[in-house]
Amino acid sequence: MRAIADMVRERDLIVLADEIYSRIYYGDAPVSIAGYPGMLEKTVILDGFSKTYAMTGWRMGYGVMPAWLVDAVNKLMVNSCSCVASFTQRAGIAALRGPQGPVDAMVAEFRRRRDAFCEGLNRIPGFRCPVPGGAFYAFANVEGTGIPSKELADFLLEEAGVAALNGGAFGEFGEGYIRFSYANSLENLMEAVARIEKAAVRWEEVGARS
Ligand SMILES: Cc1ncc(COP(=O)(O)O)c(C=O)c1O
């Protein structure tokens, strides 16, 4: 981020920083690029209610930006999505003004799921999964299975009933990885691990097919 800030500071550019997971972390708090010298004026921070307040699908978010941008962004939003429904906005106010303990409890629960799920994934032949420091995704390296990640994700969905995203969907450096969400019950997550473990006996056959 320091390198990006150094580059942007000298140029006619602004950074769009998607910080939607900023409250879901398990160790050191994440830092914002807006905090680097001179970057407050050159950053649009994007945030929302989907993650911190589990309001996914309520279509409500916000931007924090330099004052000179506000009129143009207002014009864009009013004419492209005609504002967020008023009752949803009231729910957002309640979320922001209400007690924040439930957010901490949710993050603690995510941590429990993260630990158990990553440990389970790391037992599967060909999988190596670092323990994530934030959000609720396990990004497992699956090169050891010998199966291209798209084929592996399709196989897991079709044969094991486990949904995962092909890492290649995030760009070429994601090839060799698949992404799981652990925003699900511990019971379902353990069931997913058990199903993948069961499917793993067929890695060689799937590899040969692809
Ligand atoms: C990185 C990131 N940014 C933003 C969002 C926005 O979510 P929503 O459009 O539901 O508010 C998501 C949701 O998956 C996300 O993963």
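Helices (DSSP runs of H or I, at least four residues) and strands (DSSP runs of E, at least two) are numbered from the N terminus. With that convention in hand, the fold can be described. The structure is a predicted model, in which local features need pLDDT of at least 70, side-chain atom pairs count only at pLDDT 80 or more, and totals for chains, interfaces and linings use all residues. Residues are numbered from 1 along each chain as its sequence is written, and side-chain values use heavy atoms, with hydrogens and water left out.

The chain contains 7 helices and 6 strands. Read from the N terminus, these elements follow the order α-β-β-β-α-α-α-β-α-β-β-α-α. The C-alpha trace spans about 60 × 40 × 35 Å along its principal axes. Of the 210 residues in the chain, 36% are buried, where buried means under 20% relative accessible area, exposed means over 50%, and partly exposed lies in between (1.4 Å probe, protein chains only).

Which residues surround the ligand? They are Asp18, Ile20, Tyr21, Ser50, Lys51 and Arg59, a residue being counted as near a molecule if one of its heavy atoms lies within 4 Å of it. By residue type, this shell divides into 2 nonpolar, 1 polar and 3 charged. In this scheme Ala, Val, Leu, Ile, Met, Phe, Trp, Tyr, Cys and Pro count as nonpolar, Asp, Glu, Lys and Arg as charged, and the others, Gly among them, as polar.

For Ser50, a polar side-chain atom lies 2.5 Å from a ligand oxygen. For Tyr21, an N or O atom of the side chain is 2.8 Å from an oxygen atom of the ligand, and for Arg59 the corresponding distance is 3.0 Å. The ligand on its own has 390 Å² of accessible area, and the protein covers 62% of it; such areas come from the Shrake-Rupley method with a 1.4 Å probe, and for residues only the protein chains shown count as cover.

Two residues stand out by their backbone angles. Most residues other than glycine have a negative phi. Cys83, however, is not a glycine and has a positive phi of about 80°; Cys83 lies in the loop between helix H2 (67-81) and helix H3 (86-97). Ala135 likewise has a positive phi, of about 60°, without being a glycine. Where does Ala135 lie? Its place is the loop between helix H4 (101-122) and strand S4 (137-141). Ala135 counts as buried because its relative accessibility is 11%.

Further along, Asn141 belongs to strand S4 and is buried, with a relative accessible area of 5%. The Asn141 side chain reaches the backbone nitrogen of Glu143 at 2.9 Å. Ser149 is found in helix H5 (residues 149-160), and at 0% relative accessibility Ser149 is buried too. The side chains of Ser149 and Glu175 are joined by a polar contact of 2.9 Å. A polar contact is a pair of N or O atoms within 3.5 Å; within protein, one must be able to donate a hydrogen and the other to accept it, and residues adjacent in sequence count only if both atoms are side-chain atoms.

Ala5 is buried, because its relative accessible area is 0%. Val31 is 26 residues from Ala5 along the chain, and the C-alpha atoms of the two are separated by 13 Å.
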